[in-house]
Structure formats: structure tokens, C-alpha cells
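Trainee: Could you take me through the aromatic rings in this one, slowly please?
Mentor: Gladly; have a look first, and then we can start with a definition.
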Amino acid sequence: MTSAISINDLRKTYANGHEALKGINLEVQARDFFALLGPNGAGKSTIIGIISTLVRQSSGTVSVFGRNVATHVYETKLDFGVVPQEVNFSPFEKVADIVMTQAGYYGLPRALASERTEKYLRKLGLWEKRDNRSRMLSGGMKRRLMIARALVHEPRLLILDEPTAGVDIELRRSMWEFLQEINQSGTTIILTTHYLEEAENLCRNIAIIDEGRIIENTSMKSLLGKLDSQTLVFDVQDELQPEMFAGIGLARSRLIDPHSFEVDIGRDDDVNHVFRHLETKNVTVKGVRNKTNRLEQLFLSRLKSA
Ligand code: ADP
């Protein structure tokens with residue numbers, strides 16, 4: 001498989017001494033749909049900035065389709081399109097002109113530039129707005145315009161920084177469909193997101209970053225597989241002593257308060273084992289409930305344990 005992005009021991013210390021990246025290693029295969037997930041300030045935009053040659057790393061290497069981005073800035077620029085978080089086109093420029101200008105920047109001949117501009121404005125539902133000044137567009141439309149602009153030179157890699165932040169749910173879904181279509185036609189996509197649902201719906205592979213370090217790097221499937229475990233909360237009659245539930249032997253159990261504790265039950269675990277154990281300790285179970293266990297929780301628990 002071809003590697004779209006290869007990152008080796010990447011470090012970035014900003015001029016103010018802040019260590020934003022503390023040795024990142026990451027591989028993204030060609031045609032992948034890859035999520036970079038993490039809280040604010042984790043270092044996502046810094047990674048994106050370095051991949052897209054806007055930020056210079058302090059050390060380490062980044063290759064895009066086998067080329068070192070630091071030494072092949074021009075060739076790398078042709079290989080990717082970026083959709084930044086912030087709207088960064090002129091509010092007074094017309095929609096079609098914004099895409100045409102970008103095509104010109106990449107040296108596309110005028111006829112091809114017009115053809116592509118129409119193609120992507122249509123695909124993103126903006127063709128009717130082509131003669132409007134961009135300030136007339138809604139927030140969602142502005143975001144779609146940035147996607148059209150990023151695709152006009154048909155890059156092999158599309159990088160999106162928080163693509164659907166502030167976009168309403170209906171529009172978000174239609175953007176997801178569009179991105180999936182682009183990915184299926186062969187474009188590698190890497191996105192940063194706060195929306196776990198977004199990563200879950202779109203991405204095949206995922207890296208979770210926190211405080212400049214990768215704390216999880218796996219397939220979405222295996223991450224979700226971990227979620228197939230559930231957390232049960234047991235409320236018991238008598239005051240619990242640590243030894244009463246310590247021998248449960250299942251993956252993890254935690255005391256919540258003197259009369260309740262929680263246990264993570266994996267797919268292959270037998271919950272009866274917990275009941276049997278409690279019986280031997282003469283603990284009377286008053287009730288068992290399921291603690292909600294979503295990707296959010298997994299995310300938070302990974303951040304805590306990393
Ligand atoms: P994210 O995109 O995950 O929110 P960033 O990559 O923007 O994170 O930021 C990572 C860290 O680096 C943050 O602590 C941020 O304040 C800091 N940082 C980002 N850009 C600069 C800069 N130009 N100068 C100094 N510190 C910066």
C-alpha cells in the first residue's frame with residue numbers, strides 16, 4: 001500500500017517555548033479516511049500546518065506521497081487541498097471567482113479551470129450562487145465553498161480542519177456524503193474533528209492526540225470494538241469493602257461510593273461471574289444499571305489514562 005502521509009518523530013516548539021508536538025509518529029495510507037481527534041490545544045492544527053507546509057517543524061520529518069514536505073514544498077502543494085477552520089476568502093469576491101482564482105494559482109488552463117469550477121460548485125450545491133459575493137453565503141455554504149476551492153486542482157489528499165464545526169446537522173450529513181463520495185473515488189482524506197460521531201461515521205482509521213502526543217492510533221473498528229464492552233453499575237445493600245469486589249477478576253472494577261461500584265464487562269466476559277462472586281462474599285445486590293458508554297467516554301478515559 002502507498003503511504004499518503006508518513007510522520008516520523010515530529011516535534012514543534014513555538015517561538016514562545018511552547019512544545020506543541022512532542023514526537024509524533026503517524027502513517028496514513030493512500031485512500032484512507034483518517035481522523036485526527038483531540039481536545040483544543042492538543043496539536044492537531046500544528047500537525048495539519050506542517051503537512052500543508054505552512055508551519056515549519058522543529059525536528060522530525062513529514063512525507064506526503066513519499067516526498068519530504070520540507071524540501072519539496074512546491075510538489076507537495078500540488079498533492080493536497082486544505083480546508084482550514086477559519087473562512088479565509090474575501091467577503092467581496094464572487095463565489096465562482098474564488099474557485100477560479102485558486103485554479104489559476106495552481107496553473108490550470110482557463111478552460112479546465114472553468115470546467116472544474118462548475119463541477120465542484122455543482123457538487124457542493126453552490127452553482128446557483130456562483131455570481132453572489134461570498135459574504136452573502138450562509139456559514140454552511142462558506143464551508144462548502146472552501147471544500148470546492150480545495151478540490152479544484154483535484155489533489156490526491158484532502159485535509160480538513162474541523163470541517164463541520166458550526167454546521168447544522170442536516171448539512172453536516174450531506175457534507176459527509178459528499179466527502180465519502182470523494183474518498184471512494186480515490187482521494188485520501190484526513191480530518192480533525194471534535195465530533196466523535198463524525199469520526200465514527202466517516203473514518204476508517206483514527207489517531208487521538210493530546211498535549212502533543214499520540215495516545216491512540218488504531219482502526220475505527222477496533223476502537224468501536226472496545227466500546228462493545230459495557231459498564232454496569234451495581235448498587236448493594238451493605239457497605240462495600242474493597243476486598244468484596246476486588247476478586248471479580250473482570251477487566252476493571254471501581255468503587256463509586258460505599259454502596260455502589262462499577263464493572264466493565266467485555267464482550268467475552270460473563271456477567272454471572274460477578275453475581276456469583278458477590279454471593280460468595282455475602283453481598284446483596286439491590287440493583288444493576290447500565291452506565292451509558294459511548295465513544296465520548298472511551299475518549300475521556302483514554303485521555304485520563306494516557
Ligand atoms: P489544536 O488544533 O489541537 O487545537 P494547536 O495545534 O492549534 O491545537 O495548538 C497546540 C498548542 O500550541 C496549543 O497549546 C497552542 O496554544 C500552541 N500554539 C499554536 N500555535 C501557536 C503559535 N503560533 N505560537 C505559540 N503557541 C502556539
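Mentor: Rings of Phe, Tyr and Trp (its six-membered ring) count as a pair if their centres lie within 6.5 Å, and planes under 30 degrees apart are called stacked, over 60 edge-to-face and the rest tilted. This is a predicted model, in which local features need pLDDT of at least 70 and side-chain atom pairs count only at pLDDT 80 or more, while totals for chains, interfaces and linings use all residues. Residues are numbered from 1 along each chain as its sequence is written, and side-chain values use heavy atoms, with hydrogens and water left out.
Trainee: OK, how many aromatic pairs are there in the whole structure?
Mentor: The search of the whole structure finds 3 aromatic pairs. The ring centres of Tyr105 and Tyr106 are 5.2 Å apart with their planes at 80 degrees, so that pair is edge-to-face.
Trainee: And is Tyr105 buried or exposed?
Mentor: Tyr105 is exposed, with a relative accessible area of 56%, whereas Tyr106 is buried at 15%; buried means under 20%, exposed over 50% and partly exposed in between, using a 1.4 Å probe and protein chains only.
Trainee: Which residues form an aromatic cluster?
Mentor: Phe234, Phe261 and Phe275 form one cluster.
Trainee: Switching to charges, what sits over the ring of Trp127?
Mentor: The charged end of Arg130 does, 4.2 Å from the ring centre, and that of Arg156 sits over the ring of Phe65, 3.9 Å from its centre. The rule asks for NZ of Lys or CZ of Arg within 6 Å of the ring centre and within 35 degrees of the ring normal.
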